Amino acid sequence: MDHRRGEENGLDGNSYNSDIEAEIINKKNPKEREEEEEEEEEEMSVERIFESKEVPSWREQLTVRAFVVSLVVGVLFTFIVMKLNLTTGIIPSLNVSAGLLGFFFTSGWTKFLDNSGLLKQPFTRQENTVIQTCVVAISGIAFSGGFGSYLFGMSEVVAKESEDVQSSQDYKNPAIGWMIGFLFVVSFLGLFSVLPLRKIMIIDFKLTYPSGTATAHLINSFHTPEGARLAKKQVRVLGKFFSFSFLWSFFQWFFAAGDDCGFKAFPTFGLKAQENMFFFDFSTTYVGVGMICPYIVNISLLLGGILSWGIMWPLIETRKGDWYPADLPPKSIKGLQGYKIFIAIAMILGDGLYNFFKVISQTLLGLFYHLRHKDASIVLPLEDRSSPTNSSLSYNDKRRTQLFLKDQIPIPFAVGGYIAIAAISTATLPHIFPQLKWYYIAVMYIAAPIMAFCNAYGCGLTDWSLASTYGKLAIFTIGAWAGGAHGGVIAGLAACGVMMNIVSTASDLMQDFKTGYLTLASPRSMFVSQLIGTAMGCVIAPCVFWLFYKAFDDLGQDGSEYPAPYALVYRNMAILGVDGISSLPKNCFLLCCVFFAAAVLVNLVRDAVGKRRSRFTPIPMAMAIPLYLGPYFAIDMCVGSLILYIWERMNKAKADAFGPAVASGLICGDGIWTLPSSILALAGVKQPICMKFLSRATNVRVDKLLGS
């Protein structure tokens, strides 16, 4: 699930006050408004605050300490993202955490050197931006690398869960060598594909890129005296909740010596409810995620869980022997499991395709508007062409535009880089995946720059990256083209990985350029930081996944600690693309059509009722996730929402300032515990206690058995 979804929903609690203020302002005459705006501009000018500080050159922004800090924070975030990937697939935005930790580590480093008299270069907001860019690039590979989706979906473990293993060409087990090689040949193409268009996106079209803008404001605030003091307080709060979360996870580990043991199996609402996945599993990770995600996301997850596990699945189970054979094993996709997976896929596709066409239409309309309202004598501007100066630009914009255009990245370098990497990738990928023919790859690389541009532009308008949707389209098109007899499932999943990596890194780069534009960081330093971060991620992410893969024998299996639900979903999408609807159980296709249409209809209603009312309309994508997994994690997330809601009612200012830090601490502490727990598992160290809950009747039988 895309972490930017909540921002796209427009969950702005201050919208009512903003409307009233707008009405008051509009009643003033134009001269009064203009004078007030000029005064406010001078007062609020960020660049006036930093005017006395010299902007370092792009080479000086790329420091050794920046990349050392990025490496440390990047490894931490890779563990967190990997755990989220392999449990539910819900990954919130960790930009605030990355910004806080990057600022904390580097400012602490520079303060120590300054006290020792060894400081040669002060810590600037440009260097902070380089760290942020590098960390997001590293952890981004943990998501776009597909370790919880398409890449692990190729494995024999997931293939057996899908019951579609016919020959060795139907699966490819993870190995650290080919995973690193695959990521290196596909992860850099997106960076070069949109590089020549940076000036169009940032300066000419003035796209907002809300996440990039928010990150820039955060970094700018850190480097003011007031912001630095607040950041130190936030880091202290983060540290406290990090320690609590880590120690709580360590404590829980002692009681989980077997299946259904420990706090994660606590029957909060009774044993019958627990059988249907309704329980609170004491996960600090998902309590923290719930505090970050918008309320409507968490409510949608819970609603989806109630409708499916509370109503639909019990009803379909009564049709056992009619709709599907009664003697099938519980995990067979020809039985109830098939309804869970394919109805979830239908809702995901309905939501994804609706928003795909919505964003594409907004992209085309936005392009048409921008091009139509430009001077007809001016050709489409690329970064090597200068824009006409605009005397009406504010001081902020003049300063930022001047420095943004100062360090050019030549177009031939970008085009040549794309062609060279595409050629190497086209020659290399068929050796990694024999099912993925070179001409499939060539066709994708011809179409990829257009899709990368559309995704980057749409992300600038809506803050919503559709990388996973482009990947799903590749699954169906390449999988169907290859056919089942020629390894279409693996070909489709590999094609998904190629497309996802290109469009994801393209939109990430433009977000970084926007952040750099607002913090006066050079585009060259942003690009180099993204390259280095991507290279680090191509090594770190497979190594972290390999640790999980070797430490947990039941990885990817339904009911395990790390079920990797999206791996099974993506594989079944590939099967559906290759085999068609013949792979579905009885009446499953009809139900899929109903839920696909329902997802489209709900999205239409969300858009029709307007931004303020859409806050109370559920999100189909979020509702689809618990259809397969169950609602237990949604309960955790709703607890997080409830904590934040009560906090906001008691002290909104404090909740706004420290809520993200508390949430980040809870997520990071539990996330980093996976490292020592993996090492313990590899070393063969087992938990000493099994805490299990039994009904009264079962307990009596156990006592009798033990007594005899």
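Select Asn 572: beyond residues up to four places away in sequence, its contacts (heavy atoms within 4.5 Å) are Ser 162, Ile 333, Ile 341, Phe 342 and Ile 345. This is a predicted model, in which local features need pLDDT of at least 70, side-chain atom pairs count only at pLDDT 80 or more, and totals for chains, interfaces and linings use all residues. Residues are numbered from 1 along each chain as its sequence is written, and side-chain values use heavy atoms, with hydrogens and water left out.

Stay on Asn 572. Helix α26 (residues 565-579) holds this residue. Helices here are DSSP runs of H or I with at least four residues, numbered from the N terminus. Asn 572 is buried, at 0% relative accessible area. Buried means under 20%, exposed over 50%, and partly exposed in between (1.4 Å probe, protein chains only).

Next, the largest nonpolar core: buried Ala, Val, Leu, Ile, Met, Phe, Trp, Tyr and Cys residues joined through side-chain atoms within 4.5 Å. Among its 197 residues, Phe 77, Phe 182, Leu 429, Leu 436 and Tyr 445 touch the most other members. Color helix α24 (residues 488-519), which gives the most to this core, 18 residues.

Center on Phe 77. Leaving out residues up to four places away in sequence, Phe 77 touches Leu 94, Ser 97, Ala 98, Leu 101, Val 135, Ser 139 and Cys 668.

Finish at Trp 109. Where does Trp 109 sit? Trp 109 lies in helix α7.

Note on methods: Helices (H or I, at least four residues) and strands (E, at least two) are DSSP runs, numbered from the N terminus.
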